Amino acid sequence: MFSIDIVHGQSKPAVYRDLLAAALALTDGESDAVANMANIAALIPMFVGELNWAGFYRVQNNELILGPFWGKPACIRIALGQGVCGTAAALSQTQLVEDVHTFAGHIACDSASRSELVVPVRLAGRVIAVIDLDSPLLARFDAEDAAGIEALSAAIADRI
Ligand code: SME
């Protein structure tokens, strides 16, 4: 069994370092992308608080398709360039949205979501997926959250 130690009261960089280490340990030696995404999606809310959704959308045939996630059922297909996820994938750029109601074209999968962080996953220079985090709190995410999820994305890109 895989055991995970959650240390409370740590700084954000320390939390994300622990999340990264746990994700690498959990996916070590496993080649199945779905299994790895599923475990990482389950792991994220164990470390990152105040979320209502965390998971993957994969780039398939020029659109985003829902991948493994934690949270309520979500929109299945998102066009590149649409919504926060499609924008992150099309621009290959992290999207940090403090208030989803001010993001033109935001796709509301869960009406509880108020802020959102979407990070592209790149492999050999191509965006292969995005990691999407939603929170019911306004401005839940900042540059430290973005840096933490970007580091996670880079570390697991060749395992999903
Ligand atoms: N809000 C996202 C859609 C995905 S859900 O949040 C899970 C977007 O605008 O792309």
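On a 1 Å grid over the protein atoms alone, a cavity is a set of points where a 1.4 Å probe fits but cannot get out, and a molecule sits in one if more than half of its atoms lie within 2 Å of its grid points. By that test, the ligand here sits in the largest cavity. This is a predicted model, so a few ground rules apply: local features need pLDDT of at least 70, side-chain atom pairs count only at pLDDT 80 or more, and totals for chains, interfaces and linings use all residues. Residues are numbered from 1 along each chain as its sequence is written, and side-chain values use heavy atoms, with hydrogens and water left out.

**The shell around the ligand**

- Counting a residue as near when one of its heavy atoms lies within 4 Å of the molecule, you get 13 residues around the ligand, the closest being Val84, Cys85, Ile107, Glu116 and Asp134.
- Elements here are DSSP runs numbered from the N terminus, with helices (H or I) of at least four residues and strands (E) of at least two; those giving two or more residues to the shell are β1 (53-60), α3 (83-91) and β6 (126-135).
- Top contributor is α3, with three residues.
- By residue class, the shell splits into eight nonpolar, two polar and three charged; nonpolar covers Ala, Val, Leu, Ile, Met, Phe, Trp, Tyr, Cys and Pro, charged covers Asp, Glu, Lys and Arg, and the others, Gly among them, are polar.

- Ile107 puts a backbone N or O atom 2.7 Å from a nitrogen atom of the ligand.
- Val84 also uses a backbone N or O atom, 2.9 Å from a ligand oxygen atom.
- Asp134 works through its side chain, with a polar atom 2.8 Å from an oxygen atom of the ligand.
- On its own the ligand exposes 300 Å², and the protein buries 99% of that (areas from the Shrake-Rupley method with a 1.4 Å probe; for residues, only the protein chains shown count as cover).

**Buried and exposed spots**

- Buried means under 20% relative accessible area, exposed over 50%, and partly exposed in between (1.4 Å probe, protein chains only).
- Val118, in strand β5 (residues 115-123), counts as buried because its relative accessibility is 0%.
- Between the C-alpha atoms of Val118 and Tyr57 there are 9.9 Å in space, against 61 residues in sequence.
- Arg140 is in the loop between β6 and α4 (143-156), yet it counts as buried at 12% relative accessibility.
- A polar side-chain atom of Arg140 lies 3.0 Å from the backbone oxygen of Gly49.
- Ala104 belongs to the loop between β4 (95-97) and β5 and counts as exposed, since its relative accessibility is 75%.
- From Ala104 to Val84 the C-alpha distance is 8.9 Å, with the two 20 residues apart along the chain.

- Most residues other than glycine have a negative phi.
- Glu50, in the loop between α2 (33-47) and β1, has a positive phi, near 60°.
- Asn61 also has a positive phi, near 45°; Asn61 lies in the loop between β1 and β2 (63-71) and is exposed, with a relative accessible area of 78%.

Methods
A polar contact is a pair of N or O atoms within 3.5 Å; within protein, one must be able to donate a hydrogen and the other to accept it, and residues adjacent in sequence count only if both atoms are side-chain atoms. On a 1 Å grid over the protein atoms alone, a cavity is a set of points where a 1.4 Å probe fits but cannot get out, and a pocket is an open set with protein on both sides within 12 Å along at least five of seven lines; lining residues have an atom within 4 Å of a point.
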